[in-house]
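Visitor: Hi! I'm new to this one, could you walk me through it?
Guide: Happy to, let's bring it up.
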Amino acid sequence: MPLEKDKASQIFDAVVIGAGISGMYQLYSLRKLGKSVKVLEAGSDVGGTWYWNRYPGASCDIESYVYLPLLEKTGFVPQQKYTNASETLDYCNIIAEKYRLHERAMLQTLVTSTDWDEDLGRWMVSTNRQDRIKARYVVHSNGPLNRPKLPAIRGINDFTGHTFHTSRWDYAYTGGNSNGNLNNLRDKKVAIIGTGATAVPVSYTHLRAHET
């Protein structure tokens with residue numbers, strides 16, 4: 001369901017594009033300097049790549065005490081050396097709650113252009129919701145992983161089976177959650193396109209579903 005349109009002032013010191021870990025840290029840093037900030041996020045909540053990528057077995061390949069910011073400020077203690085997706089997303093929500101990010105964010109909002117107005121000395125930030133926001137600074141914290149890249153395979157649109165991208169995992173179809181238990185796949189033949197860091201945990205989790 002679309003969110004109600006933001007009613008706050010449309011003039012800010014800074015606009016941060018993206019509400020992932022980088023964007024949330026930018027909000028924290030800029031607020032600490034006394035700046036007014038608006039965060040624009042295409043997703044329905046915070047988390048960035050961890051909001052979009054919830055496929056089974058997803059985890060971070062950087063040690064949690066290095067990767068997760070503001071641990072001393074929040075008192076959060078990671079349970080794993082290499083934190084998994086669900087714990088990381090939980091922590092993103094802890095940061096957002098502590099620093100009241102939702103009050104300073106426009107979710108489900110895609111930035112369509114950023115244009116410098118020389119006369120005003122301000123950036124004009126336009127969105128897909130017809131917002132026109134003025135800001136002295138624009139901070140890009142939008143990563144490249146928010147849009148799934150579908151394989152350009154001839155005939156893929158003619159495939160009649162069930163398909164989805166790992167960054168839009170369909171647990172309603174597979175069953176289970178990001179920890180596994182994909183019980184609905186037990187009697188299914190599953191093809192995984194790709195052999196990278198995403199495909200490895202997905203393949204392992206699928207094999208475990210067949211073993212149980």
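Guide: One term before we start: two strands pair if DSSP finds at least two bridges between them. Also, this is a predicted model.
Visitor: Thanks! What joins strand E2 to E3, then?
Guide: Two bridges join E2, residues 37-40, to E3, and these strands run parallel. In E3, methionine 106 is the bridge partner of leucine 40.
Visitor: And what is the order of the strands in the open sheet?
Guide: The order is E3-E2-E1-E6-E5-E4, six strands with mixed pairing. At the edges sit E3 (105-106) and E4 (111-117), each of which pairs on one side only.
Visitor: Is cysteine 60 buried or exposed?
Guide: Cysteine 60 counts as buried because its relative accessibility is 7%, and the cut-off for buried is under 20%. Cysteine 92 counts as buried too, at 0%.
Visitor: What about pockets, what volume does the largest one have?
Guide: About 1,500 Å³. The largest pocket is lined by 45 residues, and Phe164, His165, Thr166, Ile192 and Ile193 lie nearest its centre.
Visitor: Which helix gives the largest share of that lining?
Guide: That's H7, with three residues. The elements giving two or more residues to the lining are helix H2 (49-52), helix H6 (171-174) and helix H7 (199-211).
Visitor: And what is the lining like by class?
Guide: The lining of the largest pocket has 25 nonpolar, 15 polar and five charged residues.

Methods: Residues are numbered from 1 along each chain as its sequence is written. This is a predicted model: local features need pLDDT of at least 70, side-chain atom pairs count only at pLDDT 80 or more; totals for chains, interfaces and linings use all residues. Side-chain values use heavy atoms; hydrogens and water are left out. Helices (H or I, at least four residues) and strands (E, at least two) are DSSP runs, numbered from the N terminus. Buried means under 20% relative accessible area, exposed over 50%, partly exposed in between (1.4 Å probe, protein chains only). On a 1 Å grid over the protein atoms alone, a cavity is a set of points where a 1.4 Å probe fits but cannot get out, and a pocket is an open set with protein on both sides within 12 Å along at least five of seven lines; lining residues have an atom within 4 Å of a point. Grid points are joined across faces, edges and corners, and a volume is the space filled by probe spheres set on the points. Ala, Val, Leu, Ile, Met, Phe, Trp, Tyr, Cys and Pro count as nonpolar, Asp, Glu, Lys and Arg as charged, and the others, Gly among them, as polar.
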